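Good morning, and thank you for coming.

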Amino acid sequence: MSRRNAILPSRGFGDSFTAFFWRHPKLFLGVLLAPPLLWLGVVYLGSLFALLIQSFYSIDEFSGVVKEEFTLKTYGGLFRPSNFDIIIRTLVMSAAVTLACAVIAFPIAYYAARFARGRWRAVFYLGIMLPLWSSYLVKVYAWKLILAKEGIITWAADAVGGGFVIDAVLSLPGIGGNSLSTSFIGTFIVFVYVWLPFMILPMQASLERVPTSMLEASADLGASRRQVFWTVILPLAMPGVIAGSIFTFSLTMGDYIIPQIIGTSANFIGMAVFQLQGIAGNIPLAAAFAVVPILIMLIYLWLAKKGGAFDAL
Amino acid sequence: MTVAVKFESVSRHFGAVRAVDEVNLSIAEGTFFAMLGPSGSGKTTCLRLISGFEKPTGGTIKIFGQDVSNIPPNRRHVNTVFQDYALFPHMNVRDNVAYGPMVAGVSKAKRYAKADEMLSMVKLDGYGDRKPNQLSGGQRQRVALARSLVNEPKVLLLDEPLGALDLKLREAMQDELKALQQRLGITFVFVTHDQHEALSMADTLAVFNEGKIAQIGSPEEIYGRPYNRFVADFVGSSNVLSPEATKALGGPARWSSLRPEALKIDAANSTINAVVTAVRYLGAGSRVAFKLADSEIAAYIPAGNRIPEVGDAARLSFNVADLHLLDDK
């Protein structure tokens with residue numbers, strides 16, 4: 001047997017490159033992380049910081065010029081009844097949309113995680129993702145037509161003699177209106193439709209990680225279906241539910257297009273920010289409004305953590 | 001003798017796959033019953049039929065005389081120790097153990113007292129506040145055991161519970177499980193693919209092959225007098241000899257089995273000559289393989305004796321009573 005070297009010859013630059021990083025693993029990690037960290041640090045956190053700074057400035061009411069002095073006056077402005085209404089309205093809408101999404105998404109996600117196999121799995125993913133492929137604006141305008149007074153829903157309800165149901169729903173105080181497309185109910189329906197995939201996917205991912213033996217152990221120890229759900233499935237799926245609700249909640253909080261196209265003329269936070277930074281030129285108040293969803297999300301996550309939602313992680 | 005679990009020609013077919021096929025089985029109350037077989041032989045499906053996670057496609061399952069074929073798992077008075085333990089990760093050890101009483105509506109004080117009692121039984125006093133992921137594999141196994149015993153089941157099902165433990169721990173748990181079973185007097189049904197485990201723990205064991213029971217009996221019967229080649233092959237390291245090899249050893253032209261420890265070498269007055277083909281050192285002895293006719297035959301030589309080397313010729317002898325004839329044609 002011929003004698004062989006224990007070390008293979010280097011094949012050039014690539015091999016020395018590999019060797020260099022093998023000897024300096026931390027440097028390699030640094031090279032990998034530098035671009036995203038720069039992006040996140042400078043572009044994302046930087047602009048967030050700029051936003052925060054702006055929200056502590058105020059606007060001179062006579063000249064309309066931004067005064068670059070730190071004050072809490074702008075935040076105080078959020079509590080003026082007309083502004084505070086906007087915050088409460090957005091909060092209630094976001095909570096309602098999130099709750100509805102969670103309730104609708106759960107059976108779909110559960111089916112996909114537990115039972116769908118092979119081809120049906122592909123059908124599931126296609127069904128969830130397909131709506132995301134078309135433009136958001138197209139979908140919203142399509143819904144405007146569907147929900148309009150002359151739209152297919154009213155038409156179909158009238159055709160089967162169920163028009164009174166829609167009339168009854170629309171006559172509900174507070175959330176009703178002239179037609180579905182000009183009421184809060186319409187805004188709510190479209191929000192739920194548009195954000196539903198963002199709830200289903202993380203839910204499905206977390207349900208998939210719950211081993212079947214866990215559900216069997218629960219039933220084996222005497223739990224009824226309902227007890228299995230409340231004591232095992234839901235707690236274990238909670239990280240996914242929270243992840244999904246972060247999406248639906250924050251997307252609803254920040255959206256300014258859907259409530260503009262569908263619903264009443266009442267303002268939401270997103271619309272307020274849009275108007276304040278554009279036409280009104282009140283950047284400080286716009287920034288203060290924009291901080292509200294961030295604060296609410298932080299409080300929400302803190303509560304979720306305190307409630308043990310991430311214990312299963 | 002009360003029958004704890006009875007299978008009356010029970011089948012579980014998955015389409016064309018006959019996972020369990022017309023199985024008849026009686027498990028006496030208070031016994032340690034092992035189901036042994038290779039993977040896919042139907043032993044785990046049988047266990048799941050008892051717990052209710054599978055429904056039979058034919059036949060009747062009775063637990064203490066009551067037909068349970070249409071009773072869901074949560075209403076069967078049997079409990080399971082799962083292969084992966086299936087401890088709830090979001091609950092601490094005490095809540096895991098107290099889960100059974102909790103869903104039954106037992107008050108917190110009572111169920112925690114019960115849970116602590118069970119934890120002390122499996123020697124985990126003081127571990128109640130830990131989370132399952134803070135425990136070692138052996139400790140998790142004990143928690144799973146405590147959790148499944150808290151409801152005082154009439155039958156405890158164990159699905160390869162020791163599979164994930166290392167050898168030393170596994171042997172210690174085998175002794176402990178056996179002692180626990182004898183102390184509690186509960187019927188244990190234990191699924192395993194490890195013949196040593198089954199032989200050392202069980203009072204009665206059933207060997208499964210392709211959805212059917214190949215043989216059922218005491219460990220001594222299964223090991224010493226296997227019915228057929230499958231059982232002889234699967235259980236223990238017995239020599240399975242072809243009709244030709246059996247004839248060469250002076251027996252009839254039938255399939256037979258011969259335990260390695262029954263075979264002696266270096267016998268002066270033997271006419272059976274064979275050549276050593278392999279030697280495997282096992283610590284307490286050595287396994288020496290010979291070529292005989294068209295079969296390989298192995299002898300177990302305890303340490304302290306002369307161990308032949310590969311290529312040596314040896315004269316073999318054995319007691320004719322030890323040559324066990326098999327049913328195979």
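This is a predicted model: local features need pLDDT of at least 70, side-chain atom pairs count only at pLDDT 80 or more; totals for chains, interfaces and linings use all residues.

Let us begin with I50(B). Which residues does I50(B) touch, once its neighbours within four places in sequence are left aside? They are V5(B), I61(B), V78(B), V155(B), L157(B) and V189(B).

As general background, nonpolar side chains tend to be buried together in soluble globular proteins.

We remain with chain B for its domains. The domain assignment gives domain 1 as residues 3-232 and domain 2 as residues 238-325. How far apart do the C-alpha centres of these two domains of chain B lie? The distance is 38 Å. Where the domains meet, four residues of domain 1 are in contact with five residues of domain 2. On the domain 1 side of chain B, two of the touching residues are nonpolar and two are charged, while none is polar.

I now turn to chain A. Chain A contains 14 helices and two strands. Its radius of gyration is 26 Å, well over the 20 Å that the globule rule gives for 313 residues, so chain A is more spread out than a compact globule. Along the principal axes, the C-alpha trace of chain A spans about 95 × 65 × 40 Å. How much of chain A counts as buried? The figure is 31% of the 313 residues. Turning to contacts in chain A with a separation of 6 or more, 69% of them are accounted for by residues 24 or more positions apart.

Finally, we come to the contact between the two chains. Chain A contributes 17 residues, and chain B contributes 17 residues. On the chain A side, helix 10 (212-220) and helix 11 (225-254) each supply at least two residues. Which element of chain A provides the largest share of that side? Helix 10 of chain A does, with six residues. By class, the side of chain A that touches chain B has ten nonpolar, four polar and three charged residues.

That concludes my presentation, and I thank you for your attention.

Definitions and conventions. Residues are numbered from 1 along each chain as its sequence is written. Chains are lettered from A and ligands numbered from 1 in the order in which they are written. Two residues are in contact if their C-beta atoms, placed from the backbone, lie within 7 Å. Helices (H or I, at least four residues) and strands (E, at least two) are DSSP runs, numbered from the N terminus. Ala, Val, Leu, Ile, Met, Phe, Trp, Tyr, Cys and Pro count as nonpolar, Asp, Glu, Lys and Arg as charged, and the others, Gly among them, as polar. The radius of gyration is taken over C-alpha atoms; the globule rule is 2.2 Å times the number of residues to the power 0.38. A residue is buried if 20 or more other C-beta atoms lie within 10 Å of its own, exposed if 12 or fewer, and partly exposed in between; C-beta atoms are placed from the backbone. Domain bounds come from an automatic or database domain assignment.
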